[in-house]
Amino acid sequence: MTMDDFLAQLDAQLYILTPEERESAVAYYREYLEEAGTDVRAAINALGSPQSVAQRILREIDENRVVYDGGTPNQYEYADPLAEFKTEYKPEQRGGRLGLTILVIVVTFPIWITVFSLWLALAVTLFAVLGSLAFSAFAACIHGFTVLGSSLGQALFEIGVGVTCTGLFLLLWKPCWLGVKYSTIGLGKLCKKCINGLMGKEN
Amino acid sequence: MFPISAALLDAMVLSLVAREETYGYKITQDMQTAAKVSESTLYPVLRRLQKNGALETFDRAFMGRNRRYYRITALGLAMLRQYRIDWEEHKDQIDSILMVKEETV
């Protein structure tokens, strides 16, 4: 094999590289063989095949770390030069996910604002029902007693309404209170679960 | 017998180039006086060191053709100094086991 043959084959083997990288490699080996002087053939034999020379260049450019074994071209090992860094580097879970969490909270705004609004509406409604029952019971009873002297029928009716409202209040305050209480607790737990899930923590 | 790691190869090349401005063929020859490295080993090393900014190249005419010389940079010198420190440490660690002679009975 002549020097030109060798360099042409090397160039062909490096087709995957940029023209600049190829020229650099071919120029290096042209100079190298020229330096070898009279015994170019021996120098080419010492280098090995253009394929094996190209392999070395390609593997190096592939950013793999090479462990040279002292000359036998087929026995080198390759390892990821960043392997050490990759195993040692663990991103801070909280900090790393905080941005994501905020993003998800913002993006899911239409969902959680609906859930929150429903909860608020339920609570307000239940308290309003209880409040109006209590007020009605109180007002009807008081007014009933004030008109007791003038109009017995109206008084009895109003006291009846008041007692009915009192009964309804007594009947409903506990379920209403429990409804508000447990929906609040449930919503709180749900929020906590979602946030913890997003932040990558154990629940 | 003992494989030369990529880091050691880098360190040795840096040391050779730090001594004098030199070229690929001569670097290969010099390396081969100390270690069994193949002829195709050095180009990727030189290219990498050059790309990392540890070495720089310049061309000089020689006998009617071009010779590409390598010269060490400030960064390359800093790397070389660190390599020498690390090598001392590495050598001492190996020696602390390997070179402690057994008791003669």
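Predicted model: local features only at pLDDT ≥ 70, side-chain atom pairs only at ≥ 80, totals over all residues.
Residues are numbered from 1 along each chain as its sequence is written, with chains lettered from A in the order in which they are written.

**View 1. Helix 1 of chain B against helix 4 of chain B.** Here helix 4 covers residues 74-98 (helices are DSSP runs of H or I, at least four residues, numbered from the N terminus). The two pack at about 125°, axes 9 Å apart (lines fitted to C-alpha atoms over the stretch in contact, with angles from 0 to 180 degrees between N-to-C directions). That's why helix 1 and helix 4 of chain B count as oblique to each other.

**View 2. Who touches whom between these helices.** Helix 1 of chain B brings Ala11(B), Leu14(B), Ser15(B) and Ala18(B), and helix 4 of chain B answers with residues including Gly76(B), Met79(B) and Trp87(B) (contact means C-beta atoms, placed from the backbone, within 7 Å).

**View 3. Around Leu14(B).** Skip the neighbours within four places in sequence, and Leu14(B) still contacts Leu49(B), Ala54(B), Ile72(B), Gly76(B), Met79(B), Leu80(B) and Tyr83(B).

**View 4. Chain B meets chain A.** The contact takes 22 residues from chain B and 23 from chain A. On chain B, helix 1 (6-19), helix 2 (24-34), helix 3 (42-51) and strand 3 (65-72) each supply at least two residues (strands are DSSP runs of E, at least two residues).

Notes
Contact = placed C-beta atoms within 7 Å. Parallel < 35°, antiparallel > 145°, perpendicular 65-115°, else oblique.
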